[in-house]
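Take a look at the chain below.

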Amino acid sequence: MKTKAVRMYGTDDLRLEEFELPQIAENEVLVKIMSDSICMSTYKLVKQGKKHKRAPQNIDTNPVIVGHECSGLIVEVGKKWQDQFQPGQKFSLQPALNYMGKLDSPGYSYEFCGGACTYCIMPNEVMELGCLLEYTGESFFEASLGEPMSCIIGGFHANYHTNKRNYDHAMGTKVDGNILIMGGCGPMGLGAVSYGLQFENKPKRIVVTDISDERIARAREVISEESAKERGIELLYVNTDKMADPVSDLMAVTGGHGYDDVFVYVPVKEAAEMGDKLLAFDGCMNFFAGPSDSRFKAEINLYNCHYTSTHIMGTTGGNTDDLIEANKLSAEGAIEAAVMVTHVGGIDSIAEATKNLPSIPGGKKLAYTQFDMPLTAIEDFEELGKSDPLFKKLSESCKAHKGLWNGEAEKILFDHFGIDPKEL
């Protein structure tokens with residue numbers, strides 16, 4: 001079986017190549033990748049090369065396939081797993097393996113397993129850990145976005161609160177509490193808003209900060225304050241760059257109570273320090289954004305930590321239960337992972353998009369791996385549609401879905417490129 005894959009040979013060295021995959025072993029599974037969204041973690045991998053903790057030291061001679069937010073179809077199942085999986089099933093992938101104390105993960109560490117390709121092989125450890133999951137939803141892109149959504153879900157579940165009676169922690173964000181999502185109008189922040197609005201620990205209020213009017217305007221368009229109000233939750237978007245005293249103004253929003261749960265979605269020192277100042281009694285701050293600088297520091301108030309039980313933690317990635325929850329909620333339409341997507345492209349767009357990810361404006365970049373297509377912003381579809389029938393159809397479809405990427409648009413792409421979504 002030949003595959004076409006984006007492989008990493010070293011720092012900033014990504015190559016789209018075609019090569020032969022080996023025959024699968026009895027404990028492996030061959031899959032066809034249909035979609036793969038590009039993660040900032042892959043950008044960090046590419047910038048660090050061999051220095052990245054998940055990267056093998058021989059990638060210059062044994063390159064790894066990048067990409068881990070993938071979905072597709074199961075093509076061939078090794079004998080060991082034939083009672084659990086069948087060819088033709090859709091799947092999503094939980095890449096955070098933590099197998100036998102090792103950091104190896106699909107998209108970082110394997111020659112034949114990653115999302116930026118047409119076909120790949122799921123190794124035994126992925127299968128043993130139950131990290132290949134059947135997906136029953138309609139579209140492939142929502143299954144791809146299950147991985148980043150699972151990271152968000154993991155953050156909400158990992159936050160905790162204490163009490164003065166015993167040492168039992170109440171897990172999850174506080175019921176009827178105030179949630180602050182800092183730097184929250186990017187793709188992951190909007191995913192957090194979408195999840196927070198339906199989380200079982202229903203908050204009273206979610207405040208989302210950003211410093212870009214443009215990002216805030218898009219956030220209001222895709223998740224409106226009115227839609228949150230219908231769920232009984234107050235949702236506010238604020239531009240802290242336009243506030244004379246952001247700490248006082250944000251504290252005033254809560255009537256001086258402070259925020260029970262703070263999520264910091266940007267690796268910015270000032271944002272982390274502001275979040276710490278805004279914590280309520282027993283408030284929990286989750287530093288969700290992953291910095292690329294291993295010496296990253298910020299000043300926190302340990303007086304409050306001691307006397308008012310404020311606490312700080314961080315989460316990275318989700319677990320398999322989080323991915324199962326993400327897939328279930330996405331399939332039910334309870335969350336809109338599509339709010340994260342702003343660009344769509346083909347497999348030939350992945351390498352350059354990954355290497356330049358921070359400089360490409362907007363949110364999540366979604367790639368379909370079975371065809372070539374330049375990375376294109378959804379907001380450009382209308383203009384392109386004036387001369388290109390494909391983009392005219394895509395523009396009309398996205399407009400009918402609040403400007404969001406959607407399952408109908410995915411089918412339009414498949415039809416245009418002659419892709420049968422059931423063909424193995």
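The text below starts with the ground rules and then turns to the rings.

This is a predicted model, in which local features need pLDDT of at least 70, side-chain atom pairs count only at pLDDT 80 or more, and totals for chains, interfaces and linings use all residues. Residues are numbered from 1 along each chain as its sequence is written, and side-chain values use heavy atoms, with hydrogens and water left out.

**Aromatic pairs**

A pair of aromatic rings is described by the distance of the centres and the angle of the planes. Here rings of Phe, Tyr and Trp (its six-membered ring) pair if their centres lie within 6.5 Å; planes under 30 degrees apart count as stacked, over 60 as edge-to-face and the rest as tilted. The count by this rule is 15 aromatic pairs. Phe156 and Phe199 are edge-to-face, because their ring centres are 5.7 Å apart and their planes stand at 75°. Phe156 lies in helix α4 (residues 146-158) and Phe199 in the loop between α5 (187-196) and β12 (205-210), so this pair ties together parts 43 residues apart in sequence. Helices (H or I, at least four residues) and strands (E, at least two) are DSSP runs, numbered from the N terminus.

Phe199 counts as buried at 6%. Buried means under 20% relative accessible area, exposed over 50%, and partly exposed in between (1.4 Å probe, protein chains only).

Tyr368 and Phe414 are edge-to-face too, with centres 5.6 Å apart and planes at 85°. Tyr368 belongs to strand β18 (residues 364-368) and Phe414 to helix α15 (residues 407-416), so the pair ties together parts 46 residues apart in sequence. Both Tyr368 and Phe414 are buried.

**Charges over rings**

A charge sits over a ring if NZ of Lys or CZ of Arg is within 6 Å of the ring centre and within 35 degrees of the ring normal.

| Charged residue | Ring | Distance to ring centre |
|---|---|---|
| Arg7 | Phe19 | 3.9 Å |
| Arg54 | Tyr108 | 5.5 Å |

**Cores**

A nonpolar core is a set of buried Ala, Val, Leu, Ile, Met, Phe, Trp, Tyr and Cys residues joined through side-chain atoms within 4.5 Å. The largest has 59 residues, and Tyr368, Trp405 and Leu413 are among those with the most contacts inside it. Contact means heavy atoms within 4.5 Å. Neighbours within four places in sequence aside, Leu413 is in contact with residues including Val344, Tyr368, Leu394 and Trp405. A second, separate core holds 30 residues, including Ala5, Ile33, Cys70 and Tyr119.

**Helix α1**

In helix α1 (residues 40-48), Thr42, Lys44, Leu45 and Val46 are buried. Their cover includes β1 (2-10), β2 (13-20) and α12 (350-355). Gly49 follows α1, with a positive phi near 55°.

**Asn406**

Where does Asn406 lie? Asn406 is in the loop between α14 (389-399) and α15. This residue is buried, at 5% relative accessible area. Its side chain reaches the backbone oxygen of Leu404 at 3.0 Å. The Asn406 side chain also reaches the backbone nitrogen of Ala409, at 2.9 Å. Not counting residues up to four places away in sequence, Asn406 touches Phe141, Ser397, Cys398 and His401.

Notes
A polar contact is a pair of N or O atoms within 3.5 Å; within protein, one must be able to donate a hydrogen and the other to accept it, and residues adjacent in sequence count only if both atoms are side-chain atoms.
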